[in-house]
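Here is a friendly tour of a protein model, for reading with the structure open beside you.

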Amino acid sequence: MSAAPRRRRLTGGLRVALPPAEAFRLFTPYGEREWVEGWEPRFPEGVADDTAPGTVFQTGADGAATTWIVLHRAHDPHEPGSSVSYARVREGVHAGTVAVVLAPDGSGHSDVTVTYDLTPLTVAAEAELAGFADGYPAFLRSWEEAIAAHLARTAETPRGHR
């Protein structure tokens with residue numbers, strides 16, 4: 001008899017060279033297009049605000065369809081921190097949540113905490129999730145590097161050409 005699939009709660013951090021009010025957009029469905037290669041969210045219906053709770057979108061990164069739902073958003077450009085969380089379902093593979101919390105680091109940048117809380121939907125998917133868990137620190141480092149490269153590119157772009 002094999003063990004039931006095991007839920008994984010993975011938490012890690014990265015730093016973004018923007019204050020939370022500005023960095024927040026980088027963790028939204030539309031904002032991730034700026035720094036995630038191949039990220040193209042599709043919304044079943046038009047949205048004015050891609051972070052409004054209840055908003056549904058789908059992605060096809062890595063050749064796998066994933067459905068996302070915005071669960072929570074706390075973002076006020078006049079407040080020091082921000083957060084957003086999503087439900088995430090990759091049909092037949094895993095389901096759970098992703099939460100992003102941005103806090104000021106004291107130097108005008110953001111400390112970002114990212115938590116994936118995922119449950120594999122099959123015993124076979126457990127191995128994939130275990131691999132994701134093993135690579136989670138490197139996964140978040142790749143986010144930090146991609147965001148830093150994006151910010152460097154946009155800093156080099158003359159105003160009016162963005």
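## Before we start

Helices (H or I, at least four residues) and strands (E, at least two) are DSSP runs, numbered from the N terminus. This is a predicted model, in which local features need pLDDT of at least 70 and side-chain atom pairs count only at pLDDT 80 or more, while totals for chains, interfaces and linings use all residues. Residues are numbered from 1 along each chain as its sequence is written, and side-chain values use heavy atoms, with hydrogens and water left out.

## The sheet

Let's begin with the strands. Six of them form an open sheet in the order β1-β6-β5-β4-β3-β2, and the pairing is antiparallel; two strands pair if DSSP finds at least two bridges between them. At the edges are β1 (8-16) and β2, each of which pairs on one side only. From one strand to the next, the twist averages 20°.

Now follow the pairs one by one. β2 and β3 are joined by four bridges, with Q58 opposite T67 in β3. Seven bridges connect β3 with β4, where S83 in β4 is the bridge partner of A74. Between β4 and β5 there are nine bridges, and V84 faces V100 in β5. V100 also stands opposite V114 in β6, and 11 bridges join β5 to β6.

## The hairpin turns

Which residue takes a positive phi in the hairpin of β2 and β3? That residue is D62, with a phi near 60°, and the hairpin has six residues between its strands. The hairpin of β4 and β5 has three residues between the strands, and G92 in the turn has a positive phi of about 75°. In the hairpin of β5 and β6, five residues lie between the strands and G106 has a positive phi near 95°.

## Helices on the sheet

α2 lies across β1, β4, β5 and β6, and runs at about 165° to β6. α3 packs on the sheet too, touching β1 and β6, and its direction makes about 30° with that of β1. Contact here means heavy atoms within 4.5 Å. Axes are lines fitted to C-alpha atoms, for helices over the stretch in contact, and angles run from 0 to 180 degrees between N-to-C directions.

The two helices also pack on each other. Helix α2 (residues 123-134) and helix α3 (residues 136-156) meet at an angle of about 60°, with their axes 4 Å apart. That makes α2 oblique to α3, because angles under 35 degrees count as roughly parallel, over 145 as roughly antiparallel, 65 to 115 as roughly perpendicular and the rest as oblique. In this contact, F132, A133 and D134 of α2 meet Y136, P137 and F139 of α3. By class, five of the contact residues are nonpolar, none is polar and one is charged; Ala, Val, Leu, Ile, Met, Phe, Trp, Tyr, Cys and Pro count as nonpolar, Asp, Glu, Lys and Arg as charged, and the others, Gly among them, as polar.
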